[in-house]
Amino acid sequence: MNPIFKNHEKDFMRIEADQVCVDYNGTVALYDASLNLKAGSICGLVGMNGAGKSTFFKALMGFVRPSRGKIRINGLKVNQAQKEQSVAYVPQNEGIDYSFPVSVWDVVMMGRYGAMNIFRIPRESDRRAVVHALERVDLLDLRERPIGSLSGGQRKRAFLARAIAQRASVLLLDEPFSGVDVPTEKLMAELFLQFRQEGHTILISTHDLNHVRDFCDFVVLINKTVLAYGETSEVFTSENLNKTFGGIPPNPLSGPTSSKDFINE
Amino acid sequence: MSEFLISITPIDWLLDPLTHDFMRRALMVSALVGGVCGLLSCYMTLKGWALMGDAVSHAVMPGVVVAYALGLPFSLGAFVFGVGSVALIGFVKQKSRIKEDTVIGLVFTGFFALGLVLVSKIKSNIDLMQILFGSPLGISRSDVNQTLIISFIVISILLIFRKDLMLYCFDAKHARSIGINTGILHYLLLTLLSLSAVVGLQTVGIILVVAMLITPGATAYLLTDRFDQMTLLAVFSSSFSSILGVYISYWSDIETGGSIVLVQTLIFLIAFLFAPRYGIFKNQTFINNN
């Protein structure tokens with residue numbers, strides 16, 4: 001099942017970042033960050049808060065303009081790729097106003113806006129896409145509910161459904177596992193594997209190393225630049241993790257107590 | 001006066017004002033302005049722009065004065081100063097360490113003061129009280145035409161970009177990531193705010209126009225979880241408040257702008273207390289059954 005990608009999307013790297021530098025008013029947030037992700041891969045973006053993770057994300061979404069370097073998505077510039085509906089963004093739960101008067105259906109339909117005309121009037125195909133997306137995240141029964149009445153896990157699934165409805169080839173997820181219940185986590189894991197098979201490329205920003213090890217084929221370790229990048233088994237060395245987290249044991253509450261334990265597991 | 005009030009029938013109460021040309025005009029303009037501001041108020045409350053609404057509505061003051069003095073349509077001057085104030089707020093915020101709410105307060109009071117000074121200095125037939133407090137009962141024919149044109153523009157744009165603006169208020173990042181130009185939407189919304197402030201000040205004046213731009217939206221927000229319903233409720237309650245306010249003002253000879261805004265506030269209070277889901281005395285069975 002792979003009818004959704006446009007022809008040109010097959011020939012290129014899904015995400016291609018070449019020596020990307022970003023600075024805010026002279027302060028360097030990210031330098032020389034390079035990354036190549038092919039179709040059908042899941043990549044974890046790992047780093048401490050303030051290490052440039054979200055800056056890299058913002059650059060990939062075109063929210064900040066790199067001062068140097070270039071970014072291509074399916075061979076296109078970021079804004080062109082966005083106009084082609086190639087990039088879907090799943091926000092952190094904290095970034096959304098959940099008292100906003102919209103239903104689950106409305107939220108998922110927002111994934112279709114880019115494919116609609118200026119009045120954003122849904123066609124039959126848009127409704128089918130929304131139903132299909134809701135089925136995949138197991139929320140079809142709750143489609144009429146206000147988004148604010150959902151649990152944390154259900155909310156996450158609703159925004160995942162929006163990304164599915166958008167039919168983007170590249171998915172960017174910001175801390176997808178935070179505040180999520182176990183059934184949702186299982187469902188997300190299954191979905192990610194399906195996405196990979198369908199040829200999607202998924203980039204997950206997270207500080208949770210356990211999840212990276214469980215889901216990700218590739219990992220990017222970030223601390224102001226890309227420290228290490230490659231297959232998860234090769235990159236996750238205690239040396240690399242120490243460089244990434246500056247010797248501080250990552251995630252003491254939910255993760256391994258030290259990077260050393262993590263490697264020995 | 002009160003004896004007179006008791007002695008008339010409700011039908012007379014409704015129909016008698018309609019025999020006057022100025023009252024028919026006032027009712028029509030107030031209802032229309034109420035609808036326009038009510039529709040926009042949904043976006044203002046959801047986006048959290050109440051203070052911005054206050055700022056823009058005050059900042060249009062010098063624009064109105066200058067336009068009158070130059071013989072231009074006052075909406076043009078108001079529009080220029082409304083958008084200008086927003087640009088200035090953005091500039092000062094970016095270039096200094098001062099927090100945004102302080103910058104907003106600083107800029108709009110500055111503009112407002114400039115307006116007051118200009119009124120006292122420019123010799124013209126501008127009535128300060130009319131600008132500050134509105135006077136729908138004394139609205140002129142040319143002002144009616146301007147109001148009609150601006151209202152038509154604002155409503156059309158809001159209807160065309162309804163979904164995009166809603167998405168912009170809800171999740172601007174997603175809007176950007178699907179290729180929607182949120183910068184344009186931002187300034188579009190600010191432009192609509194300036195235009196609505198201009199028509200709003202016709203009926204309730206500069207000082208109270210911010211009520212027109214937030215109260216109906218806040219009331220509707222307490223009553224529904226659906227965006228489309230919210231817009232309908234806001235428009236309806238806002239227009240209704242305007243009409244009832246004008247009637248009350250006519251019969252009991254009280255200030256019209258104050259009367260309209262008081263009715264709005266009263267409706268808000270009722271929603272605040274008795275809204276089925278979000279009121280203080282919310283209906284528990286309603287919540288459990290939904």
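How many bridges join strand β3 (residues 41-46) of chain A to β7(A)? There are 6 bridges between these two strands, which run parallel. The structure is a predicted model, in which local features need pLDDT of at least 70 and side-chain atom pairs count only at pLDDT 80 or more, while totals for chains, interfaces and linings use all residues. Residues are numbered from 1 along each chain as its sequence is written, and chains are lettered from A and ligands numbered from 1 in the order in which they are written.

Some terms are needed at the outset. Helices (H or I, at least four residues) and strands (E, at least two) are DSSP runs, numbered from the N terminus. Two strands pair if DSSP finds at least two bridges between them. Strands of a sheet pair through backbone hydrogen bonds, and the pairing is either parallel or antiparallel.

The sheet of chain A may now be followed strand by strand. It is an open sheet of 6 strands with mixed pairing, in the order β5-β6-β7-β3-β8-β9. At the edges stand β5 and β9 (226-231) of chain A, each with a single partner strand, so one side of each has no neighbour in the sheet. From one strand to the next, the twist averages 15° (axes are lines fitted to C-alpha atoms, for helices over the stretch in contact, and angles run from 0 to 180 degrees between N-to-C directions).

Strand β7 (residues 201-206) of chain A has partners in β3(A) and in strand β6 (residues 170-174) of chain A, to which 5 bridges join it in parallel. Within these pairings, A:G44 has A:I204 as its bridge partner, and A:V170 has A:T201. The chain passes from β6(A) through helix α7 (residues 182-198) of chain A to β7(A), a right-handed β-α-β crossover; right-handed denotes that, with the strands pointing away from the viewer, the path from the first strand over the helix to the second runs clockwise.

In a regular strand the side chains alternate between the two faces of the sheet.

A separate pairing in chain A involves strand β1 (residues 15-24) and strand β2 (residues 27-37), which run antiparallel and are joined by 7 bridges. Their hairpin has 2 residues between the strands, and A:N25 takes a positive phi near 45°.

Chain B has 16 helices and 0 strands. Of its 290 residues, 49% count as buried. Finally, 23 residues of chain A are in contact with 19 residues of chain B (C-beta atoms, placed from the backbone, within 7 Å). On the side of chain A that touches chain B, α3(A) gives the most, with 3 residues.

Key:
Two residues are in contact if their C-beta atoms, placed from the backbone, lie within 7 Å. A residue is buried if 20 or more other C-beta atoms lie within 10 Å of its own, exposed if 12 or fewer, and partly exposed in between; C-beta atoms are placed from the backbone.
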